[in-house]
Amino acid sequence: MPNFTDVTEFILLGLTSHQEFQVLFFVVFLVVYMITLLGNIGMIILISISPQLQSPMYFFLSHLSFVDVWFSSNVTPKMLENLSEAKTISYVGCLVQCYFFIALVHVEVYILAVMAFDRYMAICNPLLYGSKISRTVCVRLISVPYVYGFSVSLICTLWTYGLYFCGNFEINHFYCADPPLIKIACGGVHIKEYTMIVIAGINFTYSLSVVLISYTLIVVAVLRMRSGDGRRKAFSTCGSHLTAVTMFYGTLIFMYLRRPTEESVEQGKMVAVFYTTVIPMLNPMIYSLRNKDVKEAVNKAIAKANLG
């Protein structure tokens, strides 16, 4: 019989055990975090004040930026604290971090799916787009990912709460994540492991199917267009979203659709750096650098600020 012990806190081993790299990592991730906050909050403000960005596509983009702010803020501050001070996190703090992480991941993948559906409606049904994707419909579409994501996360976190530990409280990660927690647990592992893979598999498959079906129909519609300018415009509005989808889904699938082993946890830690810190920073750049409307809105906002 395993000798279960009460756990009050965990030790986060972080990104590296090499002391000489910790100052460098602290500076790098502090800069990345500040850019993430400025980029995403700036995008939200820009969309809210720019008349030319008052469309469903940018409404959904503002929510993607909102989620990215909280997604990064759930992980990065604690990672920076662990790089500079104590390496511990309380048991309750660990569960809370797990809860928000799982919730925000689900919210983001379904917002990406909603954005793909929005592009399908805009390109394949342009005459009906204004009436079908009204403000009320947008609010309903964006509400579903939030309600569903936070509900599913509550169930997943209760299964995490069902894990038992036997004295090894060292988490081989820089935040509380299910795979490394499963790796150090000595009880309640099987139900948590299989439910994690099943839930991740179902949600990633379903949301990704919406994206793939939407873009398959979009490609068919674009290829039927006679105008070369029309094709270029259609693909340009989709390119940024496809880039974001590829990066986010690719890294999450690599992390969560494998059984937790020593090797997969170590590899997952490196991949997690990308989707918890780098992708939230890159998303505003991806959508602004490749988007004519956003560039024009930025130029007008700067010109207005200078005149003021």
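How are α5 and α7 oriented to each other, roughly parallel or roughly antiparallel? The two helices, α5 and α7, are roughly antiparallel, where angles under 35 degrees count as roughly parallel, over 145 as roughly antiparallel, 65 to 115 as roughly perpendicular and the rest as oblique.

Good morning, colleagues. Before I continue, a word on conventions. This is a predicted model, in which local features need pLDDT of at least 70 and side-chain atom pairs count only at pLDDT 80 or more, while totals for chains, interfaces and linings use all residues. Residues are numbered from 1 along each chain as its sequence is written, and side-chain values use heavy atoms, with hydrogens and water left out.

Let me stay with this helix pair. The axes of α5 and α7 cross at roughly 165° and come within 9 Å. Axes here are lines fitted to C-alpha atoms, for helices over the stretch in contact, and angles run from 0 to 180 degrees between N-to-C directions. Helices (H or I, at least four residues) and strands (E, at least two) are DSSP runs, numbered from the N terminus. The crossing of α5 and α7 is left-handed; a crossing is left-handed if the near helix is turned anticlockwise from the far one by less than a right angle, and right-handed if clockwise. On the α5 side, the contact is made by Y148, V152, C156, W159 and T160, and on the α7 side by I191, K192, T195, I199 and N203. Contact means heavy atoms within 4.5 Å. These residues divide into 6 nonpolar, 3 polar and 1 charged. In that division, Ala, Val, Leu, Ile, Met, Phe, Trp, Tyr, Cys and Pro count as nonpolar, Asp, Glu, Lys and Arg as charged, and the others, Gly among them, as polar.

Helix α2 (residues 56–84) packs with helix α5 (residues 135–161) at an angle of about 25°, their axes 10 Å apart. The two are therefore roughly parallel to each other, and α2 passes α5 in a right-handed crossing. From α2, the contact draws on P56, F59, F60, H63, F66 and V67; from α5, on R135, C138, V139, L141, I142 and Y146. Its residues divide into 10 nonpolar, 1 polar and 1 charged.

S153 has its place in helix α5, and at 0% relative accessibility S153 counts as buried. Buried means under 20% relative accessible area, exposed over 50%, and partly exposed in between (1.4 Å probe, protein chains only). Leaving aside neighbours within four places in sequence, S153 is in contact with C98, Y99, I102 and A103.

I turn now to the cysteines. How many disulfides does a search of the whole structure find? The search finds 2, a disulfide being a pair of cysteine sulfur atoms within 2.5 Å.

One of them joins C94 to C176, with an S to S distance of 2.0 Å. This link is left-handed, with -120° about the S-S bond. C94 lies in helix α3 (residues 91–124) and C176 in the loop between β3 (170–171) and α6 (178–184), so the pair ties together parts that are 82 residues apart in sequence. C94 is buried at 1% relative accessibility, and C176 is buried with a relative accessible area of 1%.

The other disulfide is formed by C166 and C186, whose sulfur atoms are 1.7 Å apart. The torsion about its S-S bond is about 90°, so the disulfide is right-handed. C166 lies in the loop between α5 and β3 and C186 in the loop between α6 and α7 (189–223), so this pair ties together parts that are 20 residues apart in sequence. C166 is partly exposed, at 33%, and C186 is partly exposed, at 28%.

With the bonded cysteines of the protein chain numbered in sequence order, the pairing is 1-3, 2-4. C98 is in no disulfide; the nearest cysteine sulfur, that of C94, is 4.6 Å away. C98 is buried, with a relative accessible area of 2%, and C156 is buried, at 6%.

Finally, I come to helix α10 (residues 292–307), in which V294 is found. V294 is buried, with a relative accessible area of 1%. Not counting residues up to four places away in sequence, V294 touches M43, L46, L53, Y58, Y287 and S288.
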